[in-house]
Amino acid sequence: MNITMTPKKQKPEWAPEGAGAEFASRVLGGVPGGHDGMPGGAAKKAPAAGAARRSLNVSDYVAGVRARDRTILGRAITLVESNAPGHVELAQEMLGELLPATGNSVRVGITGVPGAGKSTLIEALGTLLCERGHRVAVLAVDPSSSVSKGSILGDKTRMERLSRNPGAFIRPSPSGGILGGVARKSRETMLVCEAAGYDVILVETVGVGQSETAVRSLVDFFLLVLIAGAGDELQGIKRGIMELADAILINKADGDNRIRAENASCELTKVLHYLQPATRGWTTRSLCASSLTGLGVAELWEVVEEFKAKALASGAFSERRRSQAVDWVHAMAREYVMARFYGNPGVKEMLPEMERAVAEGGLSPARAVSLLVSKFEGCP
Ligand SMILES: Nc1nc2c(ncn2[C@@H]2O[C@H](COP(=O)(O)OP(=O)(O)OP(=O)(O)O)[C@@H](O)[C@H]2O)c(=O)[nH]1
Ligand SMILES: [Mg+2]
């Protein structure tokens, strides 16, 4: 079964029945196989797109995820991504039950300019890890959602080999929503994957400069992928982004580019000396790799393992996970308050008028906010 669209609705096949525009997407045909690219197996049990599906209760979801049923895993993630009111509660109940089975993975975030080769690197690394017996889940975080440049198609085609690997599970980014919302969903998706026994979670971010902080707050190890020679000011990468990374990898170190990449990597090692490391007790590494030749891919994983061992020993690993969980509370609280405020009918009605008045200079922004807040508090 291909990744198919329900033609009229323009929704991916994994969208739940009756789902609204939050599932509208530009998913195009993927590789042959199950909903996540898997041939046969559990995918055979999945009904045809559009066919009525038995609705699952919390224990069905929990049992299915724990039993590593890929179809149910896919549906559990769909549930987590849904904004429909009934789904939100069901998802939270499911997550509550899955929580004890989560956390047993290494979570790696991968960022870099478009075209830096992140997906291809994930394909190479993921395949290597599956060969070594790991179970690898690949998630994508795309804050720009449906107006971006086709990451879903890109990911599916560039990770074709990995998507056919029984040890791997690839989930494209959820569409729509504000960045906080997307990051929250990715976090919950990650937890569901961990409960399904995935011990390596690779999170690809789309576009530099929008989602780094959000993804950094999801993962243990953060990798920045660059290419040599594409404007050697390191592609406009800001120091702040470099300081979020635990390793910086100069990619596409093959052919004519190999020497250039190795030189850039040496240069970078010197620069890193002056930067603040992202993780206490760890010196940010500079690496070279090529997904075409396989150079540096195994070495990259050695660095991740070394990082994990050191951070576990120093306590930085669990310290980060604890503070990420606390940050998550605040992120969700902010999201809740924002949704309540902007979703308030009085605020919605009044907002365009306030915006116009502020734009025309007849009203100060502070006064506009205070009027909006009074409206909000008057009709909660
Ligand atoms: N020579 C060479 N080309 C590569 C390598 N890795 C990726 N590419 C090519 O670079 C292009 C972009 O690769 P992707 O893996 O899609 O890059 P990405 O960073 O995931 O891109 P976005 O998801 O669009 O941001 C593709 O044409 C790849 O074939 C590599 O190691 N060497
Ligand atoms: Mg990509």
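Visitor: How many strands does the open sheet have, and in what order?
Guide: In this predicted model, the open sheet has seven strands, which follow the order E5-E4-E6-E3-E7-E8-E9 and pair in parallel.

Visitor: And which are the edge strands?
Guide: Those are strand E5, covering 168-171, and strand E9, covering 285-288, each of which pairs on one side only. From one strand to the next, the twist averages 20°.

Visitor: How many bridges join E7 to E8?
Guide: Strand E7 (residues 221-227) and strand E8 (residues 247-251) run parallel and are joined by five bridges. Within this part of the sheet, leucine 226 stands opposite isoleucine 250, a residue of E8.

Visitor: What about helices, then: which strands does H10 lie across?
Guide: Helix H10, made of residues 257-272, lies across E8 and E9, and runs at about 175° to E9. Helix H11, made of residues 297-314, also packs on the sheet, where it touches strand E3 (106-112) as well as E7, E8 and E9, and its direction makes about 160° with that of E9.

Visitor: Switching topic, how many residues surround ligand 1?
Guide: Ligand 1 is surrounded by 18 residues, of which the closest are Pro114, Gly117, Lys118, Ser119 and Thr120.

Visitor: How do the shell residues divide?
Guide: Around ligand 1, the shell has 10 polar residues, together with four nonpolar and four charged ones.

Note on methods
Residues are numbered from 1 along each chain as its sequence is written. Chains are lettered from A and ligands numbered from 1 in the order in which they are written. This is a predicted model: local features need pLDDT of at least 70, side-chain atom pairs count only at pLDDT 80 or more; totals for chains, interfaces and linings use all residues. A residue is near a molecule or strand if its C-beta atom, placed from the backbone, lies within 6 Å of it. Ala, Val, Leu, Ile, Met, Phe, Trp, Tyr, Cys and Pro count as nonpolar, Asp, Glu, Lys and Arg as charged, and the others, Gly among them, as polar. Two strands pair if DSSP finds at least two bridges between them. Helices (H or I, at least four residues) and strands (E, at least two) are DSSP runs, numbered from the N terminus. Axes are lines fitted to C-alpha atoms, for helices over the stretch in contact, and angles run from 0 to 180 degrees between N-to-C directions. Two residues are in contact if their C-beta atoms, placed from the backbone, lie within 7 Å.
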